Amino acid sequence: KGYKTEFYRFNVATSKWDTLPETPPGVRAKWDKGSWLVFNGADGTDDAKLLYAHKAKYYTGTDHEMWKYNIAGDSWSDNKLKGMPLWGLHSGRTKKKKSKDGGSGAWYESEIYALKGGNTQQFFKYTVVKDSWTELDTVPNYTPPTGRQRRVKYGADIVSYGYGAFFALKGNKTVEMWRYMIPTGPVMGLARSGVMASGQRLAVSGLLIAPNPLASGFATLRYTLPNAGPAHISIFDVAGRVVEQRTVLASRSGAVSLDLRKLSTGVYLVRFDANDFTATHKLVVQH
């Protein structure tokens with residue numbers, strides 16, 4: 001219901017609301033705006049169909065709270081799950097931000113993909129078997145051609161389309177909708193703000209650029225490769241033109257410092273090629 005700990009189910013057969021056990025109180029017996037529910041759907045048997053409830057605003061230590069509800073048993077687990085981390089990328093820096101209005105989540109193949117909301121760009125993945133969170137590519141806050149900057153806030157939502165695709169509304173008095181593709185296997189790259197990557201084979205966590213968005217002009221590209229060897233870094237603008245190139249001798253994993261001060265404000269695509277490995281990543285430059 002929100003605010004307190006009341007929990008209900010709408011019974012389609014009777015067209016009435018059923019009162020269910022109240023949610024665990026946690027550190028505060030309140031469920032503020034930005035809290036959300038996710039159903040594990042077809043991934044569970046009848047005895048393992050679960051709801052995951054993430055609590056916004058309130059937290060313990062460095063994480064928010066998340067609780068699990070067993071639908072067959074109409075009961076909440078006594079054990080609190082690890083909630084979304086407070087710390088994450090924000091405007092090119094790592095900052096402590098609470099999950100608030102606009103927070104939302106979607107289930108896909110035993111993982112939850114969630115927007116933090118609260119006027120942030122943060123986007124996370126929760127892995128059920130590990131009870132752990134991983135931060136993913138931040139939601140863009142730069143919107144060509146106007147250059148207006150908006151982050152995820154009230155009115156935001158995210159849904160899973162399947163096949164590794166998610167669609168998200170940014171909210172915050174915008175009409176923006178974005179698509180996120182899980183970078184595994186031969187899939188199309190992110191199609192954002194006029195940037196379209198060709199079909200490439202990407203590796204999970206194979207390429208990461210920080211800070212992103214980039215404001216200082218200096219970025220760090222971190223990579224993980226199946227084999228060491230020469231690697232080529234290419235940066236493309238929205239028109240598909242190469243604006244920066246570099247060749248490095250890469251180890252199995254490492255980092256490359258990039259001086260990108262000459263790039264103007266806008267959206268770019270960074271491509272990393274090494275032997276049979278190719279990965280792409282969107283980069284937003286701000287000044």
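How many aromatic pairs does a search of the whole structure find? The search finds 14 aromatic pairs, where rings of Phe, Tyr and Trp (its six-membered ring) pair if their centres lie within 6.5 Å, and planes under 30 degrees apart count as stacked, over 60 as edge-to-face and the rest as tilted. One of them joins Y113 and F123, a tilted pair with 6.4 Å from centre to centre and 35° between the planes. Y113 belongs to strand β11 and F123 to strand β12, so the pair ties together parts that are 10 residues apart in sequence.

The model is predicted: local features need pLDDT of at least 70, and side-chain atom pairs count only at pLDDT 80 or more, whereas totals for chains, interfaces and linings use all residues. Residues are numbered from 1 along each chain as its sequence is written, and side-chain values use heavy atoms, with hydrogens and water left out.

Both partners are buried, as the table shows; buried means under 20% relative accessible area, exposed over 50%, and partly exposed in between (1.4 Å probe, protein chains only).

| Residue | Relative accessible area |
|---|---|
| Y113 | 3% |
| F123 | 3% |

Y113 and F123 also belong to one aromatic cluster, together with Y108, F166 and Y180.

Turning to the whole chain, it has 0 helices and 29 strands, these being DSSP runs numbered from the N terminus (helices H or I, at least four residues; strands E, at least two). Of its 287 residues, 50% count as buried.
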